[in-house]
Amino acid sequence: MAQKGMLTLTGKQRDESGEETVVESRMPADYYEKDGASYILCQELHEDTGETVKNVIKYRDSMLEMTRRGSFRSRMVFEPGRTHRTDYVTPFGTLSLETSTRKAEFVRLDNLIRIRLEYTLASESRFLSDCTLDLCLSFPEA
């Protein structure tokens, strides 16, 4: 059975000129475990199109997979020491991306799950940005 919680996503990107962009969003989320993996399900309203995008975040051991479904689609895999490629599909076109993950930390407390990813984002082997993604899923006190 899924636990209801509130997910806060904080993404930071620093481009080659050193300019940093920070994006934060909060949304209700469901959490459950199945076959040794943990899942976070959430939906977000995309500000450019007004469309609802469905997100599935799956993590097991030191690997995290983030899948987006809707007119914005991607399947990004974050695994320390590895580079994974994905096509980021938008209504405006498709961008080929590579994620090279340096660090993935997963912490589970009684009413809180914290995940931190540190990775480099590239497109066709061209550096785009150094990134961190912090996910914090909090559950209401019982």
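Colleague: Is R68 buried or exposed?

Modeller: R68 is buried, because its relative accessible area is 13%, under the 20% limit. Please bear in mind that this is a predicted model.

Colleague: Which side chain does R68 meet in a salt bridge?

Modeller: The partner is E44, and the N to O distance is 3.2 Å. This pair links distant parts of the chain, with E44 in strand β3 (residues 37–45) and R68 in strand β5, 24 residues apart. E44 has 22% relative accessibility and therefore counts as partly exposed.

Colleague: How many salt bridges does the structure hold?

Modeller: There are 10 salt bridges. Among them is the one between the side chains of R116 and D134, at 2.8 Å from N to O. R116 lies in strand β9 and D134 in strand β10 (residues 126–138), so that pair also links distant parts of the chain, 18 residues apart.

Colleague: Which residues are joined with R116 into one network?

Modeller: Salt bridges with shared partners join R116, E118 and D134. R116 counts as partly exposed because its relative accessibility is 28%, and D134, at 22%, is likewise partly exposed.

Colleague: And what does K103 pair with?

Modeller: The side chain of K103 meets that of E105 in a salt bridge of 3.5 Å, N to O. K103 is partly exposed, with a relative accessible area of 35%, and E105 is partly exposed at 34%.

Colleague: Changing topic: what does the secondary structure come to?

Modeller: The protein chain has 0 helices and 10 strands. Along the sequence, the pattern is β-β-β-β-β-β-β-β-β-β.

Colleague: What share of the residues is buried?

Modeller: Buried residues make up 42% of the 142. The chain exposes about 8500 Å², of which carbon and sulfur atoms supply 47%.

Colleague: How many residues has the largest nonpolar core?

Modeller: That core has 28 residues, and those with the most contacts inside it are L7, I40, L64, I115, L117 and L137. Strand β9 (residues 112–123) contributes the largest share, 5 residues.

Colleague: What does L64 touch, leaving aside residues up to four places away in sequence?

Modeller: L64 touches I57, K58, Y59, M76, V77, F78, F106, I115 and L117.

Colleague: Where is S62 placed?

Modeller: S62 is in the loop between β4 (52–60) and β5 (63–69). Its relative accessibility is 35%, so S62 counts as partly exposed. Beyond four places in sequence, S62 touches F78, E79, P80, A104 and F106. The C-alpha atoms of S62 and E79 are separated by 6.4 Å, although the two residues are 17 apart along the chain.

Colleague: Which residue's side chain makes a polar contact with the side chain of E79?

Modeller: H84 does, at 3.0 Å. H84 sits in strand β7 (residues 83–90) and, with 18% relative accessibility, counts as buried because that is under 20%.

Colleague: What else does H84 touch, again beyond four places in sequence?

Modeller: Besides E79, H84 touches V77, L97, E98 and T99.

Key: Residues numbered from 1 in each chain as written. Predicted model: local features only at pLDDT ≥ 70, side-chain atom pairs only at ≥ 80, totals over all residues. Heavy atoms only, no water. Helix = DSSP H or I, 4+ residues; strand = E, 2+ residues; numbered from the N terminus. Buried < 20%, exposed > 50% of the residue type's maximum accessible area, 1.4 Å probe, protein only. Polar contact = N/O pair within 3.5 Å; in protein donor to acceptor, adjacent residues only side chain to side chain. Contact = heavy atoms within 4.5 Å. Core = buried A, V, L, I, M, F, W, Y, C linked by side-chain atoms within 4.5 Å. Areas by Shrake-Rupley, 256 points an atom, 1.4 Å probe, with all protein chains shown as cover. Salt bridge = Lys/Arg side-chain N within 4 Å of Asp/Glu carboxyl O.
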